[in-house]
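Open the model in your viewer and switch to cartoon. Keep the selection panel at hand.

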Amino acid sequence: MIWQLARGTRIAWAALLPFFAPAAPVQGAAQDPSTSSGQAFPGRPVRMVAAFAPGGSVDVVARLLAQKLSESWGQQVVVDNRPGAGGNVSAEIVARAPNDGHTIYICSASFVVNPSLYGKTLYDPVRDFAPVSLVSLVQNVLVAHPALPAKSVNELVALAKSKPGQINYASTGSGTSGHLVMELFKSMSGIDLVHVPYKVIGQAQADLMGGQVSLWFPTAPGALPHIQAGRMRALAVAGAKRSSTLPELPTMSEAGVPGFEASTWYALLAPAGTPRHIVAKLNGDVVKILKQPEVHGRLTAMAIEIVGGSPDELARHIRSEIPKWARVVKQSGARVD
């Protein structure tokens, strides 16, 4: 949902990316499963719309996938960053794009939160998209200022219950992952914390390390250097499993909040109606790339955990995430600032 080196975000596709017609298949030859009516996919350059601005984790994953897909296909895959409205701008673009596989979409978990958070969006995350693969997860990490007298989640819950409404926490804005994950924690543990939203991540980091705020639920890539330097005390990770980057930290469930799971995730989708054989090829090629040692090493070094699941698995994940976060948004009263 948060933290999103491109060389331009508006691309004149008709001028820059000409169509190349593939040769007709040889009579009787085995046909690639990505073909339909004798035409191979991709038949021209592919546009990968990214939900957020250059430089963040979504962009890093998008550019790595685009590079490797370009090498595999012999067709250029161009990343088109379309930030705005927490990912709504990019989702609306892809929902209206031709469903021939030549426009694909890499998004974050805000994709399933926004319909509840904004009240109305011009896309439906189930109806308007064809799931391709859940690409990766990024753990949210519960961190505290080192001076806070709580060295575990259980100690934090006890402290918060003894001081209702007196402990505050940072986020990078209403409706962001740091806000909603903390609200889920509040709801499941029965505590009362005060939300202090920031517009700039650097200011939230500085105020946590300076003691102006006591808690935060950032994602691991941004928090890792500060945790390692001792400027933040990490209490637990929010995912269903422990982080390979911070294996010593318990999950929130292990630490005393049973059933808690709230990872930030990145997924690849296509417009609804994209032919199944194209979705299957996209999925197979992406999963193969994610298994490459170079790709695995580069992403895990940044605390990005690889998934690479099937289209059906992503579809089930999206359907389960929508009502989960709708409840959190409603209970928290979160709104877009």
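This tour goes through a predicted model, starting with a sheet and moving on to helices.

**The sheet**

Select β2, β1, β3, β10, β4 and β11, in that order. These 6 strands make up an open sheet with mixed pairing. Look at the two ends. β2 (77-81) and β11 (304-306) are the edge strands; each has a single partner, so one side of each lacks a neighbour in the sheet. From one strand to the next, the twist averages 30 degrees.

**Strand β3**

Now colour β3 (103-108). Is β3 mostly covered or mostly open? Mostly covered: 6 of its 6 residues are buried. Show the side chains. In a regular strand, side chains alternate between the two faces of the sheet. Here T103, Y105 and C107 lie on one side, I104, I106 and S108 on the other, and all are buried.

Next, check the partners of β3. On one flank, β1 runs parallel to β3, joined by 4 bridges. Pick R47, which stands opposite T103. With β10, the pairing is antiparallel, again over 4 bridges. Pick I106 and find L268 of β10 opposite.

**β4 and β10**

Select residues 129-138 and 264-271. These are β4 and β10, antiparallel strands joined by 8 bridges. Zoom in on L137: its bridge partner in β10 is W265.

**Helices on the sheet**

**α4 against α11**

The crossing is right-handed.

α4 brings F111, V112, V113, S116 and L117; α11 brings I318, E321, I322, W325, A326 and V329. By type, the contact has 9 nonpolar residues, 1 polar and 1 charged.

**Last stop: α7**

Select residues 201-210, helix α7. Which residues of α7 are buried? They are A204, Q205, D207 and L208. Bring in what they pack against: β5 (141-144), β6 (168-171), β8 (215-216) and α8 (220-228).

Notes. Residues are numbered from 1 along each chain as its sequence is written. This is a predicted model: local features need pLDDT of at least 70, side-chain atom pairs count only at pLDDT 80 or more; totals for chains, interfaces and linings use all residues. Side-chain values use heavy atoms; hydrogens and water are left out. Buried means under 20% relative accessible area, exposed over 50%, partly exposed in between (1.4 Å probe, protein chains only). Helices (H or I, at least four residues) and strands (E, at least two) are DSSP runs, numbered from the N terminus. Contact means heavy atoms within 4.5 Å. Two strands pair if DSSP finds at least two bridges between them. Axes are lines fitted to C-alpha atoms, for helices over the stretch in contact, and angles run from 0 to 180 degrees between N-to-C directions. A crossing is left-handed if the near helix is turned anticlockwise from the far one by less than a right angle, and right-handed if clockwise. Ala, Val, Leu, Ile, Met, Phe, Trp, Tyr, Cys and Pro count as nonpolar, Asp, Glu, Lys and Arg as charged, and the others, Gly among them, as polar.
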